Amino acid sequence: MVEAAYRHHGLDARYINCDVAAEALGDAVRGALAMGWAGFNCSIPHKVAVLAHLDGLAPSAELIGAVNCVVVQDGELIGENTDGQGFLASLRTLIDPSGLQLVLFGAGGAARAIAVESALAGVASVTVVNRDHDRGAELVQLLRRHTPASAELVVWDRPYRLPESASVVVNATSIGLAPNVDARLQIELDSLAPQMVVADVIPNPPHTALLRDAQAKGCVTLDGLGMLVNQALLGIEHWTGIAAEPTVMRTALEDALNGRQ
Ligand code: NDP
């Protein structure tokens, strides 16, 4: 997806995948700097551990406590979190989130990024629905202390009934990720209403059971590919200054997921 954008824009750049062992993370980060890289993405399991090897953090990355994108600026390594920003860019193609009520399933890395960026973008309230009490409570405290949004926790120990006032509903859990493609969120299906935008972070497969159920109820839906493309767009902009063409990237991503590349 990223190299498709580089080719499309005629950039003399590469985006390569490297497996890095946990104990080699510091060496790998210093190596990227030594080799003159413009930056890099880092993924699970390094999103938190990488903080110890950076010179600075963007404000939202500091709040989220995780970094998925590192940018070399004037010889310094700056950590960004583009996951939540990518989600917001995707959401904004459908709706302005300011003043709205967000219901967010999950409290892991993706949920933290989405919650913090949405709250900083002016969402009025975030309801965190999470199975594990402590993880959910920690996210709610973070939102209350550091963002203007109100926040509440619902411990997810029974099918959840979405409030009619919810405008944006997001699955930020790993439920539905391949190979568990038919896994469903424990929600009361009749509480899905047509005025809700229902989004899923799952990129593979993008058409999750949640999105199928939501579409059947008349909701507008957003798949996880939009978030994935948008976080990559933000990374490319940080590293090269280019606002890349998203349709080229989405096509390349779909081809890769469908085994056509
Ligand atoms: P984490 O492991 O940090 O968090 C997983 C979350 O899912 C936790 O809140 C966990 O709840 C919840 N969860 C998992 N299984 C269940 C279940 N059976 N029932 C209820 N809750 C469950 O993962 P991440 O946040 O990093 O990633 C989550 C998903 O987001 C992944 O599938 C990943 O592919 C996707 N993702 C997509 C991106 C995109 O650009 N589209 C970007 C980043 C991630 P609990 O706390 O109770 O354990």
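Tutor: F105, W156 and Y160 form one aromatic cluster. The model is predicted, so its local features need pLDDT of at least 70 and side-chain atom pairs count only at pLDDT 80 or more, while totals for chains, interfaces and linings use all residues. Residues are numbered from 1 along each chain as its sequence is written, and side-chain values use heavy atoms, with hydrogens and water left out.

Student: Why is the pair of Y15 and W239 called tilted?

Tutor: The ring centres of Y15 and W239 lie 6.0 Å apart, and the planes meet at 35°, so the pair is tilted.

Student: Is Y15 buried, partly exposed or exposed, and which class holds W239?

Tutor: Buried means under 20% relative accessible area, exposed over 50%, and partly exposed in between (1.4 Å probe, protein chains only). Y15 has 28%, so Y15 is partly exposed. W239 has 12%, so W239 counts as buried.

Student: What makes the pair of F105 and W156 tilted?

Tutor: The ring centres of F105 and W156 are 4.8 Å apart and the planes stand at 40°, so this pair is tilted. The two residues come from distant parts of the chain: F105 from strand β5 (residues 101-105) and W156 from the loop between β7 (150-155) and β8 (168-171), 51 residues apart. Both F105 and W156 are buried.

Student: Why is the chain called as compact as a globular protein of its length?

Tutor: The protein chain has 9 helices and 10 strands. Its radius of gyration is 18 Å, close to the 18 Å that the globule rule gives for 261 residues, so the chain is as compact as a globular protein of that length. The radius is taken over C-alpha atoms, and the rule is 2.2 Å times the number of residues to the power 0.38. Along the principal axes, the C-alpha trace spans about 55 × 40 × 30 Å. Of the 261 residues, 48% count as buried.

Student: Which buried residues of helix α7 take part in packing, and against what?

Tutor: Helix α7 (residues 209-216) has A209, L210, L211, D213 and A214 as its buried residues. They pack against β8, β9 (197-200) and β10 (220-222), where contact means heavy atoms within 4.5 Å. After α7 comes G218, with a positive phi near 90°.

Student: What does helix α2 pack against?

Tutor: The buried residues of α2 are L25, G26, V29, G31 and A32, and they pack against β1 (39-41) and β4 (76-80). Just after α2, G36 takes a positive phi of about 80°.

Student: What does T221 touch, and where is T221 found?

Tutor: T221 is found in strand β10. Leaving out residues up to four places away in sequence, T221 touches L94, V198, L211, A214 and Q215.

Student: Why is V220 called partly exposed?

Tutor: V220, which lies in strand β10, has a relative accessible area of 40%, so V220 is partly exposed. Residues up to four places away aside, V220 touches L94, M196, V197 and V198. V220 and A193 are 27 residues apart in sequence, with C-alpha atoms 9.7 Å apart.

Student: Why is D96 called exposed?

Tutor: The relative accessible area of D96 is 53%, so D96 counts as exposed. D96 is placed in the loop between α4 (83-92) and β5.

Technical notes. Helices (H or I, at least four residues) and strands (E, at least two) are DSSP runs, numbered from the N terminus. Rings of Phe, Tyr and Trp (its six-membered ring) pair if their centres lie within 6.5 Å; planes under 30 degrees apart count as stacked, over 60 as edge-to-face and the rest as tilted.
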